[in-house]
Amino acid sequence: SRRPTVSMEAARMDQEYANELLAQLGTTIVNSEAVAQTAWSSLAVVAGMDGSLRVWAFMFSDAVDDAESFLPDEEFDDLVTEFHAATMVEGKPGWLACLFQIDRSSMQIRLTFEYDDAMRWTVTLENRDALAASLRG
């Protein structure tokens with residue numbers, strides 16, 4: 001099983017635990033059944049945490065322009081909920097959404113946190129293709 005490398009910096013949070021969870025999240029994503037069976041070049045997974053967990057995930061291939069949707073394996077939900085708690089900074093609200101982008105060639109994870117607009121990466125029938133294209137790593 002492949003394991004992406006990670007790095008993340010923030011103040012006053014459990015950095016070591018957050019990094020450990022991030023590594024587990026990356027491993028869970030790249031080893032998800034749908035991903036493991038596909039020749040992907042990059043992945044984008046959005047976790048929305050405003051009230052309840054919502055997850056959208058896309059696989060991208062150099063050979064195909066369109067993104068393919070997939071669901072990460074079920075342990076992703078528990079891990080991302082723990083990651084959300086671990087990345088909380090005392091006295092500040094937590095993130096509303098997090099974008100995980102993984103590049104296959106480097107196995108690096110790039111994170112983008114959204115603190116203001118819970119709907120920033122929400123997928124609808126109308127925006128699915130354009131949003132997926134914008135998340136391509």
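**Aromatic rings, charged pairs and strands**

Author: F76, F83, W95, F100, F113 and Y115 form one aromatic cluster. Keep in mind that this is a predicted model.

Reader: How many aromatic pairs does the structure hold?

Author: There are 6 aromatic pairs. Take F76 and F100 as a worked case: their ring centres are 6.0 Å apart and their planes stand at 75°, so this pair is edge-to-face. The cut-off behind that reading is a plane angle over 60 degrees.

Reader: Which parts of the chain does the pair of F76 and F100 link?

Author: Distant ones: F76 belongs to helix 3 (residues 75-86) and F100 to strand 4 (residues 97-103), and 24 residues separate the two. Both F76 and F100 are buried.

Reader: How should I class the pair of F83 and F100?

Author: As tilted: the centres of F83 and F100 are 6.0 Å apart, with 50° between the planes. F83 is in helix 3 and F100 is in strand 4, so this pair ties together parts 17 residues apart in sequence.

Reader: Are F83 and F100 buried or exposed?

Author: A residue is called buried when its relative accessible area is under 20%. F83 has 0% relative accessibility, so F83 counts as buried. F100, at 1%, counts as buried too.

Reader: Now the charged side chains. What is the general idea?

Author: Side chains of opposite charge can pair when their charged atoms come close. In this structure there are 3 salt bridges.

Reader: Which residue forms a salt bridge with R54, and how far apart are the closest atoms?

Author: D50 does, with the closest N and O atoms 2.2 Å apart. D50 has a relative accessible area of 32%, so D50 is partly exposed.

Reader: And what of R120 and E114?

Author: Their side chains meet in a salt bridge at 2.8 Å, N to O. Look at each end separately. R120 counts as partly exposed at 40% relative accessibility, whereas E114, with a relative accessible area of 10%, is buried.

Reader: Next, strands. How do I read the two faces of one?

Author: In a regular strand the side chains alternate between the two faces of the sheet. For strand 1 (residues 42-48), go through both sides in turn. S42, A44, V46 and G48 lie on one side, L43, V45 and A47 on the other, and all are buried, which leaves both faces covered.

Reader: Why is strand 1 described as largely enclosed by the rest of the structure?

Author: Because 7 of its 7 residues are buried.

Reader: In what sense do strand 1 and strand 2 pair?

Author: Strand 1 pairs with strand 2 (residues 54-61) in the antiparallel sense, over 7 bridges. To find your place on the screen, note that G48 stands opposite R54 in strand 2. That is the R54 of the salt bridge with D50. In the hairpin of these two strands, 5 residues lie between the strands, and G51 takes a positive phi near 100°.

Reader: How many bridges join strand 1 to strand 4?

Author: The number is 7, and strand 1 and strand 4 run antiparallel.

Technical notes: Residues are numbered from 1 along each chain as its sequence is written. This is a predicted model: local features need pLDDT of at least 70, side-chain atom pairs count only at pLDDT 80 or more; totals for chains, interfaces and linings use all residues. Side-chain values use heavy atoms; hydrogens and water are left out. Rings of Phe, Tyr and Trp (its six-membered ring) pair if their centres lie within 6.5 Å; planes under 30 degrees apart count as stacked, over 60 as edge-to-face and the rest as tilted. Helices (H or I, at least four residues) and strands (E, at least two) are DSSP runs, numbered from the N terminus. Buried means under 20% relative accessible area, exposed over 50%, partly exposed in between (1.4 Å probe, protein chains only). A salt bridge is a side-chain nitrogen of Lys or Arg within 4 Å of a carboxyl oxygen of Asp or Glu. Two strands pair if DSSP finds at least two bridges between them.
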